[in-house]
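Subject: Structure for you to look at

Hello,

Here is the structure I promised. Please open it first, then read my notes below.

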Amino acid sequence: MRVLVTGGAGFLGSHLCDALLAEGHSVVCADNLLTGRMANLEHLLDEARFEFVELDVCRGFDVGKVEYVFHFASPASPVDYLHHGIETLQVGSVGTLNCLELARKHHARFLLASTSECYGDPKEHPQKESYWGHVNPVGPRSVYDEAKRFAEAATMAYHRTHHVDTRIVRIFNTYGPRLQINDGRVISNFMKQALRGEPLTVYGDGLQTRSFCFVSDEIEGILALSRVSEHLPVNIGNPREFTVLECAQMVLQVTGSESTVVFEPLPVDDPKQRKPDITKARTLLGWEPKIELRRGLELSLEYFRGAVASRDW
Ligand SMILES: NC(=O)c1ccc[n+]([C@@H]2O[C@H](COP(=O)([O-])OP(=O)(O)OC[C@H]3O[C@@H](n4cnc5c(N)ncnc54)[C@H](O)[C@@H]3O)[C@@H](O)[C@H]2O)c1
């Protein structure tokens, strides 16, 4: 197949490009480099089946006939979407409509990278796909949460109205090599601070929980979903829960760092608990995450060491 990956210069998009190429497909990667980096794609630039196009999906575009559109373009970390609030709203709305229109035009299948943020600060735990969420529509995170909720609605509308063959993955916290080191997320913050010998910053009392999925597990789940005919959202994430404090301890062990832990006030609307119910993915896809947090951190260590040492950041 010739497939389009929007946001392919980003963390997940670049791993998805790798996986699709490994399966033998030709990949067109479209990215405006707002939060992505060419460094994530350097190893692919000589690959004959790989094409990079610098473009903004919010503007009308066409990359020629494609059979699958994987729409991953969007700032994804709190730091990025708080900084690029309007761009986040645009890419989730106009950008998603443009990508859906492209899929309709080429009779291509379509997969939307959505997010656990659609559940907001959830009142139901763990979160099943049937839960409608608890989102503050005017809080600082709303630019991302509401953009993604709009993107899901747009995807379902194109499916219902134009019969586009769509899928929606709700991605939960994913980490691994190529994760932006300055993205403000728990793992990148802790790895950076531990490797620099700085204190690890814990917001609140650190007893809030998070679940973390290693990138290879996440991509496997997304590809499995791309092959089945399920149009309603499917959670892909690792249900194993850790408190933020436990995660800090594990990062200290894996890095061998002697950093201390400091506590700071909890940011506005920071979710207290987030854990996917992956029954649907297990049943529908036979998918299950395999990489434990400690192993995933070990597999990411070399990348984080390099990133901390580099002057790019
Ligand atoms: N990483 C996670 O844990 C996570 C969790 C939930 C959902 N997601 C979703 O997965 C997708 C990828 O996330 P990521 O972590 O790789 O983020 P990322 O910031 O590394 O990648 C996003 C990419 O989209 C590109 N982009 C942004 N706006 C664009 C536009 N208008 N036109 C073209 N390209 C544009 C950026 O330049 C970047 O390369 C996002 O849609 C995000 O919402 C990620």
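Two rings of Phe, Tyr or Trp (its six-membered ring) form a pair if their centres lie within 6.5 Å; planes under 30 degrees apart count as stacked, over 60 as edge-to-face and the rest as tilted.

This is a predicted model: local features need pLDDT of at least 70, side-chain atom pairs count only at pLDDT 80 or more, and totals for chains, interfaces and linings use all residues. Residues are numbered from 1 along each chain as its sequence is written, and side-chain values use heavy atoms, with hydrogens and water left out.

Aromatic pairs

There are seven aromatic pairs in the structure. Tyr68 and Phe70 are stacked, because their ring centres are 4.5 Å apart and their planes are at 15°. Tyr68 is buried (under 20% relative accessible area; exposed is over 50%, partly exposed in between; 1.4 Å probe, protein chains only), at 1%. Phe70 is also buried, at 1% relative accessibility.

Tyr119 and Tyr131 are a stacked pair too, with 6.1 Å between centres and 20° between planes. Both Tyr119 and Tyr131 are buried. Tyr119, Tyr131 and Phe172 make up one aromatic cluster.

The ligand

A polar backbone atom of Gly10 is 3.1 Å from a ligand oxygen. For a backbone N or O atom of Thr174, the distance to a ligand oxygen is 2.8 Å.

Best wishes

Terms used
A polar contact is a pair of N or O atoms within 3.5 Å; within protein, one must be able to donate a hydrogen and the other to accept it, and residues adjacent in sequence count only if both atoms are side-chain atoms.
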